[in-house]
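I opened the model to take notes on its chains, their contact and a few single residues. The entries are in the order of looking.

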Amino acid sequence: MAILKGCELEVEPQQSLAIVGRSGSGKSTLLALMAGLDTATRGDVRLLSHNLSQLNEDQRAQIRAQSVGFVFQNFQLMSGLTALENVMMPLELFNLDQPKQRAEQALESVGLTHRLHHRPQSLSGGEQQRVAIARALVTQPKILFADEPTGNLDETTAHQVQDLLFNLQDHTTLILVTHDVDYAARCQRQVRLEQGLLLEDQLCH
Amino acid sequence: MPLINTALRWFWRGIRRGDWLWLWIAVVIASTSVTLVEQVAQTVQKSMLSKAAESLSADLVIRSTRPIESSWQEWAADNQLATSETLSLTTMALHQDQFQMVMLKGVSANYPLRGQLRTQNHKSLNELGDSAVFADPQLAGLLGLELGNQLTLGSRDFIALDWLSDQDVFQATFSQFAPQVILPIEQIDALGLLGPGSRATFELGFSGAAQALDELYLRLVEADEPHWQIIQARAPTPDLERALNTAWLFLDLASLATVLVAGLAILIASQFYLKRWTATLALLRATGATSRRLVSLFALQLTFLALFASGLGILLGLALFYLLTPVLANYFSPLVIAAPGTAMLLGLLSGTLALWTFSWPAFYRAMQVSPLSVLRQDLSPKSALTALLVSLVLLFLLMSLLLNNQLLIWALPSLLIGGALLALLAGLLLWGLVKIQPFTRGWLRVAIAGLTRAPGLVVTQLVAIGLVIFVLLVMSFVRHDLLNAWQATLPADMPDTFVMNIQPDQHEGVARLLAEQNLTAELVPMVRGRLVAKNDQPMRASQFDEPRAKRLLEREANIAVLSAPPDYNRITAQLPDNQWQTDLPGVSIEAEIAELFGLALGDVLTYDLIGETRQYQVRSLREVDWQSFRLNFFFILEPTEQSLPITYITNFQSNLDETATLALRLAINEQFSGVLWVDARAMIHQIRDIMSQAAMAVTLLYMFTLVASLVVVFTATQSTQLARLRTWLLLRTLGAKQADIIKIGLTEFVLIGMLGGLFAASLGQLASMLIAHFWLELSVGFNPWIWLSAIVISALLLLLIGWLTQRHPLRQTPKQLLQALQAD
């Protein structure tokens, strides 16, 4: 079964793009393809001049490690690690310099200096998502993928997280999957998916 | 009925969907192991009983120095027990001017009640008539006897009709090691050998239903005739019986260990299912189902699961047993296969009880769930004391099925106290790991984080893995010790030939003949005698209740005359020099006999040494290893200037071939009349045979527990599989390469293996200290090898399991991982 049909989409560097659509419209599949988590059965996906369809799994992983950040709806923090350790994790995993200092800075940038040594279980939903954002940005990715990042948060917290995400991604391409119309409207560009078809592509600003 | 139908439908749907997978696998392990162990144990026991009964020629035998009252035969007939009589005595057989001491055995027509009397040409007892005998083939060499030749016994001549084969040598006293001659019991009287004072042995054998035999045994013990020895066909010798009892104990404990290990798997699996059960129950409650209906529905499903999985376990256990039958038949001859009823029932009960015991706490917790949980996922039900109490009662029932009362008394409290300590220890280990986590980095930190993501489950995992490793270590050590102990009782250089009744004037000649054959044998002087008084107070058989004490006081025993006890006896107590009565020579006494007669250091003992009365002071007590087949004595007298009617005895391991052995034996016979040659090789061979059978049974069960344990460790690791997959998916998404994931995944397994090993080593150290302190009364130090081996073995085991179970998920793409998570 074809989930996405005839999608042709190019995203400019440092652009913010919102992918909107109903449940089951293919938003998450598109995101997975763009991030190299999945490969298309037909057609090509080019990420930062790499044709993902021609790379193997580890090569795609390397591109993600070097250039991509992720923020998920359900935060996906490791419960066995503190906030600081969660943020340090990708830096340490990929042997990057000064993991502790950089992670502390990232957490400071999301306003969580006072929660460095707390585990996810003792953080609120908003705080957990801020840790996740710090983790996504600590490697200074060129592209940030966010899959319903405020889907699990109350309205006030969701706004705070949205602000944070837009404030921090100045030099990063943001690709956001959401069905929150207001949130999508804050992006420079919106695309609408319906039954796997790219129906609408509009610039918001 | 609708409720049962619903429960059955749900249960079956759950089975097909794999909802109960780990639970039923664990129950299958428990009931398979119990069924298999019970069936093997019963078959082995029956086979060995049959062998022992064959050796004894009956199920129960009264051996007596006097004729046995006929009332016992009448009682047996009234109770449908068969009886047979034998009468044995040592005498000289004559053939063509050659004499040889033989063991003459008169047997009744239905002898033997168990087994067969085998002769080389398959002749039967009724072919003997009143003028023929069956003879030991040794007589061919010793007397030059051939079949059809005449053999003179007492005042009559007989024809050697056939050679005896496969003679059983158990239950034999030394005099019975002389070559045997068998004839009908009615002929004995006519030989003119029986008279007042003749040393004959009368035996009355019984066989039949176990219940009647048990009753007979009780009556015989009650009758308490001092000249009797009551022998049951449990094991060929008391020492061997002790060794076999250890083997049965090992089998019982191994079976219990397997069930408890499977129980741990159920405990883990039910924690694993708790979330799913809770969600289902919360939903049902929210939709209006009553608590009573839910309890009934789930209880019925658990019951169906117990029956289904136990049934599978029973079938698997029996199938494995029948697969093992050819192997068993190699070791147990004849193999008597036990009826499987008991094993099947035990398998069913243990599987059912194990499921209820270990899944009840989770089940009960799920039952307490609030309907609000449907809306708020953080409302997890709390565990309750009553659930634990129910589990304890069930655990008690389960253990009482598998252990005897004596073991149960200490096993249950140890298990409970141990269980609490184990959980504490596992918690401490995990806490330690959390503490070192900040000092690690990269993949190691992620791997450690993997272990601390669900501390409760990891503690249970650690207890399970640690216990499994501990049980395996203990079983390895016990099995090793058990086999070593058995091996030590029959060392390779064990003496197998005895030469006795050597007169002082024959000493030099016999020693020379042995030396010429390069046989190392020390001729030990001894005297026949009897203990008659202690501190001038007469000692009489009637003063003692113990049959053994009565027998020893009534009969003459071999008493060594040596200036010092042999170095293979361990001196346990010695009289200080200043308490010696210098006018008396000393005697060294075997410690158990000293205890039996209440003899102490310094006591003055009076002996009747073939008519001569002599006094000795007790100067030392000794421990003697009676199973060693070396020359051992209850009493060792210090030589004095006064002469004693001494003879010499010696023993050695004969490394000569059959021809040389026969030549030596004939030479001794011809040159030194009255010297008795006893060949114990056949007996040693038979003991070795039985011990190797028991060792085989122990090894088989050990292997099974090993396999079951591996399955449990595997189940334990699977309980956290979902969380593990989630972590790997996250890491893959963030850009981790396959090699990183493999490193993290396997490190997690190695870490839990090391912790489990550390846990097992702590238990092992504690257990060895307790055993050494309370049992062996020894001090025991820190043994680094226990720790090192436990940690290394456990880490390697988990690495292997990790590789086997995770090699597929570890290589999955993020998309496949996601699909795996969504499928669950």
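**Conventions.** I am working on a predicted model, in which local features need pLDDT of at least 70 and side-chain atom pairs count only at pLDDT 80 or more, while totals for chains, interfaces and linings use all residues. Residues are numbered from 1 along each chain as its sequence is written, and chains are lettered from A and ligands numbered from 1 in the order in which they are written.

**Whole chains.** I took helices (H or I, at least four residues) and strands (E, at least two) as DSSP runs, numbered from the N terminus. Chain A has 7 helices and 8 strands; chain B has 21 helices and 20 strands.

For burial I counted other C-beta atoms within 10 Å of a residue's own, placed from the backbone: 20 or more is buried, 12 or fewer exposed, and in between partly exposed. Of the 205 residues in chain A, 48% are buried. Of the 824 residues in chain B, 39% are buried.

Contacts were taken as residue pairs whose C-beta atoms, placed from the backbone, lie within 7 Å. Among contacts with a separation of 6 or more, residues 24 or more positions apart account for 67% in chain A and for 84% in chain B.

**Where the chains meet.** I looked up the contact between the chains and found 21 residues from chain A and 24 residues from chain B. On the side of chain A that touches chain B, the elements giving two or more residues are α2 (57-67), β4 (68-71) and α3 (83-93). Helix α2(A) gives the most, with 6 residues.

I sorted that side by class, with Ala, Val, Leu, Ile, Met, Phe, Trp, Tyr, Cys and Pro as nonpolar, Asp, Glu, Lys and Arg as charged, and the others, Gly among them, as polar. The side of chain A that touches chain B has 11 nonpolar, 4 polar and 6 charged residues.

Next I checked how α3(A) sits against helix α11 (residues 442-451) of chain B: the angle is about 140 degrees and the axes are 8 Å apart. Axes here are lines fitted to C-alpha atoms, for helices over the stretch in contact, and angles run from 0 to 180 degrees between N-to-C directions. The angle makes α3(A) oblique to α11(B); under 35 degrees would be roughly parallel, over 145 roughly antiparallel, 65 to 115 roughly perpendicular, and the rest is oblique.

The crossing of α3(A) past α11(B) is left-handed, a term used if the near helix is turned anticlockwise from the far one by less than a right angle, with clockwise giving right-handed. On α3(A) the contact is made by Glu85(A), Met89(A), Glu92(A) and Leu93(A), and on α11(B) by Gly442(B), Trp443(B), Arg445(B) and Val446(B). By class I noted 4 nonpolar, 1 polar and 3 charged residues in this contact.

**Strand β1(B).** Is this strand, residues 60-64 of chain B, enclosed or open? It is largely enclosed by the rest of the structure, because 4 of its 5 residues are buried.

I count two strands as paired if DSSP finds at least two bridges between them. Strand β1(B) runs antiparallel to β8 (residues 200-207) of chain B, joined by 5 bridges, and Ile62(B) stands opposite Leu204(B). Strand β9 (residues 228-232) of chain B is also antiparallel to β1(B), again with 5 bridges; there Leu60(B) stands opposite Gln232(B).

**Ala343(B).** I found this residue in helix α8 (residues 341-367) of chain B. Ala343(B) counts as buried, with 24 C-beta neighbours inside 10 Å. Leaving out residues up to four places away in sequence, Ala343(B) touches Thr35(B), Glu38(B), Gln39(B) and Gln42(B). Ser31(B) is 312 residues from Ala343(B) in sequence but 9.5 Å away in space, C-alpha to C-alpha.

**Backbone checks.** Gln98(A), which is not a glycine, has a positive phi of about 40 degrees. Gln98(A) lies in the loop between α3 and α4 (99-109) of chain A and counts as exposed, with 11 C-beta neighbours inside 10 Å.

Asp536(B) is not a glycine either, and its phi is positive, about 65 degrees. Asp536(B) is in the loop between β11 and β12 (537-538) of chain B.

Last, I noted a cis peptide bond between Tyr111(B) and Pro112(B), with omega about -10 degrees. Pro112(B) is in the loop between β3 (98-107) and β4 (132-135) of chain B.

Methods: Contact = placed C-beta atoms within 7 Å.
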